Amino acid sequence: MKYETQKVALPFFAVAMALFALQIVFGTLAATVYVMPEFLSEAMPFHIMRMSHTNLLLVWLLIGFFGCTYFLLPEEAETEIYSPKLAYWQLAIFAGAGAAAVIGYQFEIHGGRHYLEQPVYVKVLLTISFLMFLFNGTMTVIKGRRTSVSTVLLLGLWLAAIFWLFSFYTPDNLAQDKLWWWWIVHVWVEGVWELIMASILAYLLIKMTGVDREIIEKWLYVIVGLVLFSGLLGTGHHYYWLGTPGYWQPIGSIFSTMEVIPFFAMVIFAFTMFWRGNRNHPNKAAMLWTLGCAVVSFFGAGVWGFMHTLHWINYYTHGTQITAAHGHLAFFGAYVMLNLAIITYAMPQIRRLQPYNQVLNMWSFWIMVGGMCFMTFTLTFAGVVQTHMQRVLGEDFMTVQGQLDIFYMMRLGSGSVVAIGVVLFLISVFGPAREQIPNYVPESEKE
């Protein structure tokens, strides 16, 4: 680790992983309700579990992105972070606001908009914290070197903050509310967050493959162009059934189909750099997570998204378990695995140790990925059955749900496997290092 202030990333990683574990707990509880409908129905209704599960996902991913930025920015800018104290205050406000929201949900204190259920005061605190982070990061880049990685990363983060402001606008008309709601949810995860993903992948590949920076940056610009070209108008695939003009159906179908291209480009990008570069980097686990992120995100966000993005298919599949299958694998592949990749890469350097507990870390990779893929297949089959019975044959909702019990049992089982993988990952990263040399100095830091 070249710069002392890179240690600022450690508390961000720790808080993010704690919230990740809590998110898995709520997800497992919610999956249990599908199998045993009366489970905790009085103490914690299902909608509270689901709300906590999805909101914790967004909060911990953002905290993870903040930590990633604070770790890589000093190396990219070749200078220390502008204000470490400001970073710590920012984390305290963001984590405190997120905790207040989740605790409030247990007492039915929420705003009611899916993913954006936070009360207004929580949204204000999150916005203040986000702006503190952007100021800190931008000032760090201004006083140091500018690279394509840091520029694209900050562009993605600034755009994420700008589109977040739509969360304060809540029209009374339901159709208008949903139209603007997607400018946050879709443009975040299928637009500007992909810029964050591409820049962090580029950083990891530069560090672990040794491929010339100029080559990787050319790939990065191509991916950014594809993301912005397809992602913004690709929002139209959410406008099919909101009462919007009919032209959104061809626009949404065409541009959302193109959203597969940047994810496929990331797969080609990652593996091309891996084979062209030095494949003997000591942190094998970090490389596994990096390559796995590109592959799983392509299938989750790209292939599973394409499966039901065309309007004549979406007419039948919209809102079924196929949507849940796509959402789980896409979020996990693109953003969860990305955070786990850079945490795996960064933690040995922050702790001044050689890459440690790699076998356990790689076991956690295969267990998590295997469990999530099985869950995706299970939900996909459930969605196909649900679509046929409910949307084609016209059977009522509860009758159809009764036919999906076996799939929900398998979903609970695979979710439990994912939880085991998460525990192993946390032990491998934050647990004791075995048989390692202290005061480890990476090759890149040696004179």
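**Note on cavities and cysteines**

1. The residues lining the largest cavity comprise five nonpolar, six polar and no charged. Here Ala, Val, Leu, Ile, Met, Phe, Trp, Tyr, Cys and Pro count as nonpolar, Asp, Glu, Lys and Arg as charged, and the others, Gly among them, as polar. A cavity is a set of points, on a 1 Å grid over the protein atoms alone, where a 1.4 Å probe fits but cannot get out; lining residues have an atom within 4 Å of a point.

2. This is a predicted model, in which local features need pLDDT of at least 70, side-chain atom pairs count only at pLDDT 80 or more, and totals for chains, interfaces and linings use all residues. Residues are numbered from 1 along each chain as its sequence is written, and side-chain values use heavy atoms, with hydrogens and water left out.

3. The largest cavity holds about 80 Å³ of space. Among its lining residues are Asn283, Tyr356 and Val429. Helices H12 (321-350), H13 (358-392) and H15 (405-430) each contribute at least two lining residues.

4. The second largest cavity has a volume of about 30 Å³. Its lining includes Asn55, Gly98 and Leu126. H3 gives the most to this lining, with three residues.

5. The count of disulfides (pairs of cysteine sulfur atoms within 2.5 Å) is zero. For Cys293, the nearest cysteine sulfur, that of Cys68, is 11 Å away. Cys293 counts as buried (under 20% relative accessible area, with exposed over 50% and partly exposed in between; 1.4 Å probe, protein chains only) because its relative accessibility is 0%.

How values were computed. On a 1 Å grid over the protein atoms alone, a cavity is a set of points where a 1.4 Å probe fits but cannot get out, and a pocket is an open set with protein on both sides within 12 Å along at least five of seven lines; lining residues have an atom within 4 Å of a point. Grid points are joined across faces, edges and corners, and a volume is the space filled by probe spheres set on the points. Helices (H or I, at least four residues) and strands (E, at least two) are DSSP runs, numbered from the N terminus.
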